[in-house]
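Work through these exercises with the model open beside you. Try each task before you read its solution.

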Amino acid sequence: MTVPAVNETELVTRAQSGDRNAFSELVRIHAQGVMNVIYRMCGDARIAEDAAQETFIQAWLHLSSYRPQTSLRSWLYRIAVNAATDMLRRERRILPNALEDLQLHDPQPGPEALFLQEERTALVKKAILSLPEASRVVLVLREYEGMSYHEIAEALDIPVGTVMSRLNYARKSLKDKLEQKLFAQVEAGHV
Amino acid sequence: MSKHVTEWLNAYLDGELKSSQLQQVEAHLVECQVCREEVESLARLSSLLQEVPAPEFISPERFAAQVNLRLPHRPISIPKSRFVEAGWWMIPVGLLAAWIFISTSFLVSDILSVANNLGLLAGAADWLAFDAANQSYWSATLGQIGVLSGNSLDWAASAEALTRTSLPQITLQVSIALLYLSWMAVWWTRRRRQEHGQLLEG
């Protein structure tokens with residue numbers, strides 16, 4: 001959802017002055033994006049909603065440090081990534097390192113294509129979660145939030161060159177992990 | 001065949017290449033099947049990633065209401081007045097002015113002393129001559145603690161001059177330098193905090 005820049009600037013200014021209604025409007029606008037980013041980072045919807053709430057609470061407390069030179073979305077996503085990291089550590093989630101714990105099973109009786117589709121998305125999801133955090137966040141912001149390299153660099157406070165190298169690594173790593181399991185299935189005509 | 005452009009293919013697929021790089025990559029792709037297959041492979045991967053759906057989260061309105069209930073009372077940040085902000089920036093300016101004033105004062109004092117000793121001022125600046133009693137204070141102290149002996153009087157005279165003229169100047173300048181460095185440290189810390197907030201902890 002594109003927010004008129006002037007409108008958002010006005011909301012931020014009012015929120016910085018303590019206007020809770022203005023801040024609630026900003027929350028409403030960016031809630032979905034923040035929850036999506038955190039969900040893609042950690043793979044758990046409950047954690048995503050909790051961490052998203054924590055994100056906006058931190059944003060409220062530190063709103064005076066926000067400068068309009070950077071986009072509010074980038075600023076919020078930086079807080080969200082940190083909140084996701086903290087939540088994962090607190091929850092002591094063990095993210096999968098290998099994909100062997102999820103195999104593509106033999107087709108069960110029933111809608112075969114649907115079953116394989118679900119298996120495939122689960123495999124892809126686990127592959128994303130198995131990436132190193134630094135590469136995973138860049139991949140998520142690019143693939144699922146459609147952010148440009150410059151916006152990602154701004155959000156994560158890293159050079160654009162680092163964004164490119166981490167994205168290259170993430171995609172190569174995913175291809176290497178998924179190619180045999182999924183692309184072979186495609187060639188065999190199972191999907 | 002020209003060198004492969006695999007390192008640029010991700011940026012090419014994401015539409016992030018500048019025009020000159022874009023032309024270079026497109027020209028290469030016309031000739032290189034390996035790189036074309038790599039682009040197709042990356043495009044397939046991107047499609048595959050998009051197949052992973054996001055769950056149904058609660059509505060943004062309900063989420064915003066939940067957040068609003070949890071918002072703590074935040075001290076309203078009173079914008080710093082321009083006067084206070086200007087005052088902050090006057091500190092280094094003031095320190096610099098103080099340093100210039102002190103350096104100039106001592107320089108002028110030294111010049112007048114030399115000129116007076118050479119008789120160029122016809123006694124007009126006799127007030128620059130130090131009281132004889134004060135002159136011997138340091139020498140007397142050194143004599144009492146048994147430091148002076150024989151030719152040490154010359155050393156005592158030099159020490160006297162150093163203590164009376166150079167030492168205060170050095171002390172003042174070092175103090176100003178320390179104050180300036182302290183201001184710089186505070187400014188740098190404030191700037192870092194503003195840039196990153198306190199959001200990047202842990």
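**Exercise 1. The contact as a whole**

How much area do chain A and chain B bury between them, and what percentage of it is on carbon and sulfur atoms?

*Solution.* Remember that this is a predicted model.

Step 1. Take the area. About 4800 Å² is buried between chain A and chain B.

Step 2. Look at who loses the most on one side. In chain A these residues are A:Arg20, A:Gln53 and A:Lys175. Together they account for 13% of what the chain A side buries.

Step 3. Count the residues. Chain A gives 59 residues to the contact, and chain B gives 44 residues.

**Exercise 2. Salt bridges between the chains**

How many salt bridges does the rule find across the interface of chain A and chain B? Examine three of them.

*Solution.* Step 1. Get the counts. The rule gives 6 salt bridges across the interface of chain A and chain B. Over all chains the count is 14.

Step 1. Recall the idea. Side chains of opposite charge can pair when their charged atoms come close. The cut-off here is a nitrogen of Lys or Arg within 4 Å of a carboxyl oxygen of Asp or Glu.

Step 2. Check the first pair. B:Glu61 and A:Arg28 meet at 3.7 Å, N to O. B:Glu61 sits in helix α4 (residues 60-70) of chain B and A:Arg28 in helix α2 of chain A, so this pair joins two chains. B:Glu61 has a relative accessible area of 46% and is partly exposed. A:Arg28 is also partly exposed, with a value of 24%.

Step 3. Check the second pair. A:Glu54 forms a salt bridge with B:Arg70, and their closest N and O atoms are 3.7 Å apart. A:Glu54 belongs to helix α3 of chain A and B:Arg70 to helix α4 of chain B, so two chains are joined. A:Glu54 is partly exposed at 22% relative accessibility. B:Arg70 is partly exposed at 42%.

Step 4. Check the third pair. A:Lys175 bridges to B:Glu38, with the closest N and O atoms 3.0 Å apart. Here, A:Lys175 lies in helix α8 of chain A and B:Glu38 in helix α3 (residues 33-50) of chain B, so this pair joins two chains. A:Lys175 counts as buried because its relative accessibility is 8%, and the cut-off for buried is under 20%. B:Glu38, at 24%, counts as partly exposed.

Step 5. Look for a network. Salt bridges with shared partners link A:Arg142, A:Glu143, A:Arg171 and B:Asp14 into one network.

**Exercise 3. The surroundings of one arginine**

Which residues does B:Arg70 touch, leaving out those up to four places away in sequence?

*Solution.* Step 1. B:Arg70 is in helix α4 of chain B.

Step 1. Name its contacts. They are A:Gln53, A:Glu54 and A:Ile57.

Step 2. Link back. A:Glu54 is the salt-bridge partner of B:Arg70 from Exercise 3. A:Gln53 is one of the residues that lose the most area in chain A.

**Exercise 4. Chain B by itself**

How many helices and how many strands are in chain B?

*Solution.* Step 1. Count. Chain B has 7 helices and 0 strands.

Step 1. Read the order. From the N terminus on, its elements run α-α-α-α-α-α-α.

Step 2. Check burial. Chain B has 202 residues, and 22% of them count as buried.

Step 3. Take the surface. The accessible surface of chain B is about 14100 Å². Carbon and sulfur atoms hold 63% of that surface.

**Exercise 5. A positive phi**

Where does A:Asp157 lie?

*Solution.* Step 1. Find the loop. A:Asp157 is between α7 (149-156) and α8 of chain A.

Step 1. Read the angle. Phi is positive, about 55°, although A:Asp157 is not a glycine.

Step 2. At 43% relative accessibility, A:Asp157 is partly exposed.

Technical notes:
Residues are numbered from 1 along each chain as its sequence is written. Chains are lettered from A and ligands numbered from 1 in the order in which they are written. This is a predicted model: local features need pLDDT of at least 70, side-chain atom pairs count only at pLDDT 80 or more; totals for chains, interfaces and linings use all residues. Side-chain values use heavy atoms; hydrogens and water are left out. Contact means heavy atoms within 4.5 Å. Buried area is the accessible area (1.4 Å probe) that two parts lose on being put together, summed over both. A salt bridge is a side-chain nitrogen of Lys or Arg within 4 Å of a carboxyl oxygen of Asp or Glu. Helices (H or I, at least four residues) and strands (E, at least two) are DSSP runs, numbered from the N terminus. Buried means under 20% relative accessible area, exposed over 50%, partly exposed in between (1.4 Å probe, protein chains only). Accessible areas come from the Shrake-Rupley method with a 1.4 Å probe; for residues, only the protein chains shown count as cover.
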